[in-house]
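The structure comes first, the description after it.

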Amino acid sequence: MFLSTHFIRYYVIKDSLRFINPNITYMQDTSNQMLFHSALFYDANEFYKIKNPFAKDPYQISLKIKQQFIPFLKECLEHAYFHADPLEKLFCYYLLISNVTERYIEEYVMGVASTKKKKETIELLLETYFFNKNEKMKLHKTNIADYFFDSFYLRESDLNLLEKPIKRLFGFFCTKNYYKECYQSARFYFDHLANSITQ
């Protein structure tokens, strides 16, 4: 199992902040940890599988959001509009940026993938390039769980942002433990990756 391009999404989100209306970003937490946390959200169910690859994810939220992205974004935007909450509006931007980035990267990866260079290998090369270029560090020598320490915790604001749109679109809402497991699984994965002798 290979994770999707969360590093690339993180750097694109970070770079895109300068194009977002300052009235929305003003007084919001745009620290590196919070931006990486937002990039992780788009693949929450992937982290869940890594922690327990034999257990079926009962929610498949990330997959559902990707398959029905436009309706989900509309629900989030409506929620943000009626609350006039900058945090909710910023979350919608993060969602849109993640989706667009993923589509472009996927198109590129599928275009250059072959029997010799599999999709997973190309994604890993891209991730490594983006991290090395931006951080001036080797990805395989860095424990990302420590580097983005505060990114791997569920916040109450996350639940507030997600609960109504997910209920309206998918007819259910995940338990709090679900997202906690997802993010803690991400930490577990990066801890394992940093200590892996195969890297």
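Helix α3 (residues 32–41) is largely enclosed by the rest of the structure, because eight of its 10 residues are buried. Buried stands for under 20% relative accessible area, exposed for over 50%, and partly exposed for what lies in between (1.4 Å probe, protein chains only). Helices (H or I, at least four residues) are DSSP runs numbered from the N terminus. The buried residues of α3 are Met 34, Leu 35, Phe 36, His 37, Ser 38, Ala 39, Leu 40 and Phe 41.

This is a predicted model, in which local features need pLDDT of at least 70 and side-chain atom pairs count only at pLDDT 80 or more, while totals for chains, interfaces and linings use all residues. Residues are numbered from 1 along each chain as its sequence is written, and side-chain values use heavy atoms, with hydrogens and water left out.

The count comes to four cavities of 30 Å³ or more. A cavity is a set of points, on a 1 Å grid over the protein atoms alone, where a 1.4 Å probe fits but cannot get out; lining residues have an atom within 4 Å of a point. Points are joined across faces, edges and corners, and the volume is the space filled by probe spheres set on them. The largest cavity holds about 140 Å³. It is lined by 13 residues, of which His 37, Ser 38, Phe 91, Asp 158 and Leu 161 are the closest to its centre. At least two lining residues come from each of α3, α7, α10 and α11 (176–195), and α3 gives the most, with four.

## Salt bridges

The whole structure has 10 salt bridges, each a side-chain nitrogen of Lys or Arg within 4 Å of a carboxyl oxygen of Asp or Glu. Three of them are tabulated.

| Pair | Closest N and O atoms |
|---|---|
| Arg 9 and Glu 102 | 2.9 Å |
| Lys 66 and Asp 43 | 2.6 Å |
| Arg 168 and Glu 75 | 3.4 Å |

Arg 9 in helix α1 (residues 6–16) and Glu 102 in helix α7 are 93 residues apart, and both are buried. Lys 66 is in helix α5 and Asp 43 in the loop between α3 and α4, so their pair ties together parts 23 residues apart in sequence. Lys 66 is partly exposed at 26% relative accessible area, whereas Asp 43 is buried at 1%. Arg 168 in helix α10 and Glu 75 in helix α6 are 93 residues apart; Arg 168 is partly exposed at 47% and Glu 75 buried at 15%. Salt bridges with shared partners join Arg 9, Asp 43, Lys 66 and Glu 102 into one network.

## Aromatic pairs

There are 23 aromatic pairs in the whole structure. Rings of Phe, Tyr and Trp (its six-membered ring) pair if their centres lie within 6.5 Å; planes under 30 degrees apart count as stacked. Phe 72 and Phe 170 are stacked, at 6.2 Å centre to centre and 15° between the planes. Phe 72 belongs to helix α6 (residues 69–83) and Phe 170 to helix α10 (residues 156–170), 98 residues apart; both are buried. Ring pairs also link a cluster that includes Phe 7, Tyr 10, Phe 36 and Phe 190.

## Two loop residues

Gln 60 has a phi near 55°, positive although the residue is not glycine. It sits in the loop between α4 (44–51) and α5 (61–67) and is buried at 15% relative accessibility. Lys 136 also has a positive phi, near 55°, in the loop between α8 (119–135) and α9 (144–147); Lys 136 is exposed at 70%.

Conventions
Phe/Tyr/Trp six-rings, centres within 6.5 Å; stacked < 30°, edge-to-face > 60°. 1 Å grid on protein atoms, 1.4 Å probe; cavity = no way out; pocket = protein on both sides within 12 Å on 5 of 7 lines; lining within 4 Å.
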